Amino acid sequence: MAKKKSPGGTPATVALDTAGVPFTVHEYAHDPAAASYGAEAAEAMGVSPGRVFKTLLAETDGTLAVAVVPVSGRLDLKALAAALGAKRAAMADPAAAERSTGYVVGGISPLGQRRRLRTVIDSGVLAHPTVFVSAGRRGTEVELAPADLVRLTDALTAPIARK
């Protein structure tokens with residue numbers, strides 16, 4: 001995978017460029033009526049949904065946190081809370097997620113967020129040679145090595161996804 005700069009990049013691609021991490025940008029025609037942004041991305045790119053990861057924000061004991069799970073699964077909020085040493089976790093208000101990350105829902109990337117939040121990536125990410133996450137814009141994904149994703153987000157890995 002070659003390092004590929006994206007004209008009109010997003011904060012996510014700028015963060016990848018700055019870190020010198022190899023990545024590939026994949027763009028597809030986003031359908032605003034799509035029921036699931038992640039499933040739409042996997043289908044449009046012809047990639048297994050297990051390799052495409054969605055970025056979700058949760059509130060854990062009053063603090064926002066980032067959870068990254070495969071689009072083929074769902075976030076286990078109890079497992080996320082346990083991974084962060086919190087008593088409970090609930091999905092964050094979408095407006096709070098947008099304010100905190102600087103991205104719009106459906107295009108939230110775990111990379112290049114406005115504020116660095118504690119991040120947990122499902123440990124299944126490590127089973128793949130490369131994975132896809134939002135590049136920070138609906139219809140745009142970045143493909144990168146899982147180890148680079150974990151390192152750049154300073155994430156914990158834990159089993160936080162369920163089918």
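Student: Hi! What do the buried residues of α3 pack against?
Tutor: They pack against β2, β3 (63-70), β4 (74-75), β5 (89-91), β6 (118-122) and β9 (156-158), where contact means heavy atoms within 4.5 Å. Helices (H or I, at least four residues) and strands (E, at least two) are DSSP runs numbered from the N terminus. This is a predicted model: local features need pLDDT of at least 70, side-chain atom pairs count only at pLDDT 80 or more, and totals for chains, interfaces and linings use all residues. Residues are numbered from 1 along each chain as its sequence is written, and side-chain values use heavy atoms, leaving out hydrogens and water.

Student: Which residues are buried in α3?
Tutor: In that helix (residues 77-84), they are A79, L80, A81 and L84. Buried means under 20% relative accessible area, exposed over 50%, and partly exposed in between (1.4 Å probe, protein chains only).

Student: And what follows α3?
Tutor: G85, with a positive phi near 70°.

Student: Switching topic, how many salt bridges are there in the whole structure?
Tutor: Two, counting a side-chain nitrogen of Lys or Arg within 4 Å of a carboxyl oxygen of Asp or Glu. In one, E143 pairs with R51, with their closest N and O atoms 3.4 Å apart. E143 sits in strand β8 (residues 140-144) and R51 in the loop between α2 (37-45) and β2 (53-60), so this pair links distant parts of the chain, 92 residues apart.

Student: Is E143 buried or exposed?
Tutor: Buried, at 14% relative accessibility, whereas R51 is partly exposed at 22%.

Student: Where do D148 and R151 lie?
Tutor: Both are in helix α5 (residues 146-153), three residues apart, or about one turn. D148 is buried at 16%, while R151 is partly exposed at 48%.
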